[in-house]
Amino acid sequence: MKDKNQQEDKQKYDDILHLPHHVSRSHPHMPRADRAAQFSPFAALTGYKEAIGETGRRTENRMELEEDMKIILDEKLRMLQEQAAEHPKAAITYFLPDERKEGGTYSTVHDCIKKIDPYRQVLVMQDGTEIPLADIIEIE
């Protein structure tokens with residue numbers, strides 16, 4: 001039975017089976033890589049993978065310094081202000097707020113201090129990094 005159906009199908013298409021492949025005069029031939037791309041999988045949920053990654057990214061909460069730590073930090077800032085003309089080298093640990101989520105990270109910069117701007121309330125490092133004085137938690 002199967003052979004009979006295959007033979008009937010072959011007879012149906014005998015007239016076109018051995019014709020040459022059609023080549024369009026108006027449309028250029030599509031490259032093989034582009035033809036294959038038609039069948040490649042696509043992301044039905046665009047940005048889903050990035051959103052999951054962003055949600056899973058960890059941030060830290062901002063620490064609140066105790067009063068005695070604030071006093072010590074203010075004293076160190078005052079000493080750095082007096083030595084600013086000499087550009088002393090220091091390690092400044094500060095809170096860096098996250099732009100997308102609540103919280104942030106703590107970062108430490110090891111560089112020479114360029115100046116302390118009391119009007120803008122920032123510490124400017126030699127490499128141009130500006131650190132808000134309110135975000136500093138430790139100076140070494």
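**Legends to views of a predicted chain**

**View 1. Overall dimensions of the chain.** The chain has a radius of gyration of 34 Å, whereas a compact globule of 140 residues would have one near 14 Å (taken over C-alpha atoms; the globule rule is 2.2 Å times the number of residues to the power 0.38). The model is predicted: local features need pLDDT of at least 70 and side-chain atom pairs count only at pLDDT 80 or more, while totals for chains, interfaces and linings use all residues. Residues are numbered from 1 along each chain as its sequence is written, and side-chain values use heavy atoms, with hydrogens and water left out. Along its principal axes the C-alpha trace spans about 100 × 35 × 20 Å.

**View 2. Order of the elements.** The chain holds five helices and five strands (DSSP runs, helices H or I of at least four residues and strands E of at least two, numbered from the N terminus). From the N terminus the order is α-α-α-α-α-β-β-β-β-β.

**View 3. The largest nonpolar core.** This core has 19 residues (buried Ala, Val, Leu, Ile, Met, Phe, Trp, Tyr and Cys joined through side-chain atoms within 4.5 Å; buried means under 20% relative accessible area with a 1.4 Å probe, protein chains only). Ile92, Leu123, Met125, Ile131, Ile136 and Ile139 have the most contacts inside it. Helix H5 (67–82) and strands S1 (89–97), S2 (104–117), S3 (122–125) and S5 (136–139) each give two or more residues to the core. Of the 140 residues in the chain, 23% are buried.

**View 4. Surroundings of Leu123.** Apart from neighbours within four places in sequence, Leu123 is in contact (heavy atoms within 4.5 Å) with Ile92, Ile113, Lys115, Ile116, Thr129, Glu130, Ile131, Leu133 and Ile136.

Conventions. Buried means under 20% relative accessible area, exposed over 50%, partly exposed in between (1.4 Å probe, protein chains only).
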